[in-house]
Amino acid sequence: GLNAISNKTDDEPFKNYNVIILDQALKNSSSMSFMNTNLTSLNSSISNVSGIFTQLYNKKNTHVLDANIKFSQNFENNKSGFSGKLSIKKNSGNYRYKLETFISDKNYDPNDIGFYSKSNEVINKLEFGYEQLKENKNFISSKYYFFANQESLFENKSFVNLYLEAETKFVFKNYLFLMGKISGHPFDKNDYYEARTGDFNTIVKKSKYLRLSAYSSSDFRKKFALDIGGGIQTNPLYQGYEYSWRVSPRYRFNNKFSTKYVLSVKNKFNDIGYSGTDTIANDAPVIAIRNTNMITNVLSGSYIINNKMDFSFKLRYHIDQVKNLSYHYIKDDGYLDLNNFLFLDIKNNYTTWTSDVSWNWWYSPGSQISIVWKNGIDIPDENINYTWIDNANQTLNSSKQNSISFKIVYYLDYLYLRNDKN
């Protein structure tokens, strides 16, 4: 169980968060669990989410049935909803598969305690693959998989999207890892959320696409290792395309201290996205055709003090730039009205800097004490600055938010407390 109390503002002087989980182990490594989360204020109950989860394995542990069902209640707006998942998976042998169905009605909402971005959906998944389990003359291991996801609305079963992916992975004799992937949407996607109308009546058509990507890692047993990857994508609708790449060197100084750096770049051209509403045209949604540039830098490291204690840090610097090219209304069929567009010039340059330094002590099995210092800076700007150094100087010279958190976890096994004479 978990309990937390917050006191943010005078308007919301008291909130009480409760989480309870009961878990029962069954034979063959199977299990069944019950979960309940509840949010209350000083005067009344606000929301509640309950769920039942189960994993059932056969005797040989070659197949598993995974299922859950969850119910949400919001007492402030008198709404209740549900979601559920059912899957069967073969997780042993050379040939493997997984079949899964997920459903959620439009009123399911666990966001008072958790996070859930979409509702009113049905997702059907198919996964089939072959895995090389024994080393051969070419590879230590290899995998070949095919994935298919089909999405629709739960309420009226309208088509949303179809996603297809083929993937292969190899580990060579020198421990070089290589992955190749081809993925895409064969049809234009019906996005019921992008227009932000909340009524599932306004569709924004998003382009079908084809993406090619690859990723490679060198031998992690060595002091120096390198990850590198990238991909290209074509979006025929509105002549869009994108590319991305990522490089990540890591170095292990000794058995106690290691560091890792990540540089990731992703650029999209003629992408589309929600921009706002036109108050003159009865708050009609406005969609922008835009170019976006994202750059992420992460430097992290860890030092193992002893077998129960460690120290770690993570520094992250992120730039997200959006240059809107044109603004359009949405036609009845979901495509943008390219003949009529708005004359606006809005740009966004969003920069973030975060640093995390933590100390952890596992003072007993399952028990931990952590002290974490966080430093953060968020800078939204309407002027795009394409120079990294100028962006960094502006960020580091801005006001910062600092926080220190302390957490203690104590694992208590009730078997130790039983008065068992035997």
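These are my notebook entries on a few places I looked up in this structure, which is a predicted model.

**Entry 1: a hairpin**

I started with two strands, β5 (residues 63-74) and β6 (residues 79-90). I found that they run antiparallel and that 12 bridges join them. Then I went to the turn. β5 and β6 form a hairpin, and four residues sit between the two strands. I noted Asn-78 in that turn, as its phi is positive, at about 55°.

**Entry 2: Ser-104 and Ser-119**

Next I looked up a pair of serines that touch each other. Ser-104 belongs to strand β7, while Ser-119 sits in the loop between β7 (95-104) and β8 (121-132).

Are they buried or exposed? Ser-104 has a relative accessibility of 0%, so I wrote it down as buried. Ser-119 has a relative accessible area of 13%; the cut-off for buried is under 20%, so Ser-119 is buried too.

Ser-104 is in contact with Phe-82, Ser-83, Tyr-116, Ser-119, Asn-120, Glu-121 and Phe-154. Ser-119 touches Ser-104, Asp-105, Lys-106, Tyr-108, Tyr-193 and Phe-200. With Lys-106 there is also a polar contact: a polar atom of the Ser-119 side chain lies 3.4 Å from the backbone oxygen of Lys-106.

**Entry 3: Ser-370**

I moved on to another serine, Ser-370, which is found in strand β22 (residues 367-381). Its relative accessibility is 5%, so it counts as buried.

Which side chains make polar contacts with the side chain of Ser-370? I found Asn-360 at 2.7 Å and Gln-368 at 2.8 Å. Asn-360 also turned up in the list of residues that Ser-370 touches beyond four places in sequence, together with Trp-359, Ser-405, Phe-406 and Lys-407.

I checked one more distance here. Ile-408 is 38 residues away from Ser-370 in sequence, yet their C-alpha atoms are 6.5 Å apart in space.

How many cavities of 30 Å³ or more does the structure hold? I found one. The largest cavity has a volume of about 40 Å³. Its lining is made of Thr-37, Ser-47, Asn-48, Val-49, Asp-109, Pro-110, Asn-111, Asp-112 and Ile-113. Strand β4 (residues 45-57) gives the most to this lining, with three residues. By type, I sorted the lining into three nonpolar, four polar and two charged residues.

**Entry 4: an open space**

Last, I turned to the largest pocket, with a volume of about 620 Å³. It is lined by 28 residues, and those closest to its centre are Lys-189, Asp-191, Glu-194, Lys-206 and Asp-271. I also asked which elements give two or more residues to the lining, and found β9 (139-152), β12 (189-191), β15 (224-235) and β17 (257-278). β17 gives the most, with six residues. By type, the pocket lining divides into eight nonpolar, eight polar and 12 charged residues.

Note on methods:
Residues are numbered from 1 along each chain as its sequence is written. This is a predicted model: local features need pLDDT of at least 70, side-chain atom pairs count only at pLDDT 80 or more; totals for chains, interfaces and linings use all residues. Side-chain values use heavy atoms; hydrogens and water are left out. Two strands pair if DSSP finds at least two bridges between them. Buried means under 20% relative accessible area, exposed over 50%, partly exposed in between (1.4 Å probe, protein chains only). Contact means heavy atoms within 4.5 Å. A polar contact is a pair of N or O atoms within 3.5 Å; within protein, one must be able to donate a hydrogen and the other to accept it, and residues adjacent in sequence count only if both atoms are side-chain atoms. On a 1 Å grid over the protein atoms alone, a cavity is a set of points where a 1.4 Å probe fits but cannot get out, and a pocket is an open set with protein on both sides within 12 Å along at least five of seven lines; lining residues have an atom within 4 Å of a point. Grid points are joined across faces, edges and corners, and a volume is the space filled by probe spheres set on the points. Ala, Val, Leu, Ile, Met, Phe, Trp, Tyr, Cys and Pro count as nonpolar, Asp, Glu, Lys and Arg as charged, and the others, Gly among them, as polar.
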